[in-house]
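Open the model in your viewer and keep the selection panel at hand. The tour below goes stop by stop.

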Amino acid sequence: MGAYRSCVGCRSQKERSLLIRFRYPESESGRGAWVCKDSKDCFQMAVSRKGFERALKVSVPKEVLTAWSRDFDDTVEVSSAPSSH
Ligand SMILES: [Zn+2]
């Protein structure tokens, strides 16, 4: 009932039950980034658009993004991070 959230990938608004919530850092309650359930495309879009960083207000390490990607079918290639120290 009325609890709509925006997917950080495709930006469309959906009911919370249709989205997956990602939190980082895990210990902190509150902020969450939402991505359409079962939509790897949305996850990838969120990664490439820095949607997670924007929603969570922190930069999310690649390892974390990779771990999150396992919530979806296949492994998502996390390619947006330009840095290799
Ligand atoms: Zn989406």
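Helices (H or I, at least four residues) and strands (E, at least two) are DSSP runs, numbered from the N terminus. Residues are numbered from 1 along each chain as its sequence is written. This is a predicted model, in which local features need pLDDT of at least 70, side-chain atom pairs count only at pLDDT 80 or more, and totals for chains, interfaces and linings use all residues.

**Whole chain**

Start with a cartoon view. The protein has four strands and three helices. From the N terminus, the order is β-β-β-β-α-α-α. Now colour by burial. A residue is buried if 20 or more other C-beta atoms lie within 10 Å of its own, exposed if 12 or fewer, and partly exposed in between; the C-beta atoms are placed from the backbone. Of the 85 residues in the protein, 22% are buried. Next come contacts: two residues are in contact if their C-beta atoms, placed from the backbone, lie within 7 Å. Among contacts in the protein with a separation of 6 or more, 48% link residues 24 or more positions apart.

Select Glu 15. This residue sits in strand 2. Glu 15 counts as exposed because it has 11 C-beta neighbours inside 10 Å. Leaving out residues up to four places away in sequence, Glu 15 touches Ala 3 and Tyr 4. Draw a distance from Glu 15 to Tyr 4: they are 11 residues apart along the chain, with their C-alpha atoms separated by 4.6 Å.

Step back to Arg 11, in the loop between strand 1 (4-6) and strand 2 (13-15). Its phi is near 70°, a positive value in a residue other than glycine. Is Arg 11 buried or exposed? Arg 11 is exposed, because it has 12 C-beta neighbours inside 10 Å.

**Strands 3 and 4**

Select residues 19-22 and 33-36. Two strands pair if DSSP finds at least two bridges between them. Strand 3 (residues 19-22) and strand 4 run antiparallel, joined by four bridges. Pick Arg 21; its bridge partner in strand 4 is Trp 34.

Which bond joins Tyr 24 and Pro 25? A cis peptide bond does, with omega about -10°.

**The core**

A nonpolar core is a set of buried Ala, Val, Leu, Ile, Met, Phe, Trp, Tyr and Cys residues joined through C-beta atoms within 7 Å. The largest one here has 17 residues. Select Cys 7, Val 8, Ala 33, Val 35, Ala 46 and Phe 52, the residues with the most contacts inside this core. Strand 3, strand 4, helix 1 and helix 2 are the elements that give two or more residues to the core. In soluble globular proteins, nonpolar side chains tend to be buried together.

Centre on Ala 33. Its contacts, leaving aside neighbours within four places in sequence, are Val 8, Phe 22, Gly 51, Phe 52, Ala 55 and Leu 56.

**Helix 1**

Select Cys 42, Phe 43, Ala 46 and Val 47, which are buried in helix 1. Look down the helix axis: the buried residues of helix 1 fall within an arc of 140°, so they line one face of the helix. The arc is that of the directions from the helix axis to the C-beta atoms. These buried residues pack against strand 4, helix 2 and helix 3 (62-69).

Select Arg 49, in the loop between helix 1 (40-48) and helix 2 (51-56). Arg 49 is partly exposed because 15 other C-beta atoms lie within 10 Å. Its C-alpha atom is separated by 7.5 Å from that of Gly 9, 40 residues apart along the chain.

Finish at Lys 50, placed in the loop between helix 1 and helix 2. Lys 50 has a positive phi of about 60° although it is not a glycine. With 14 other C-beta atoms within 10 Å, Lys 50 is partly exposed.
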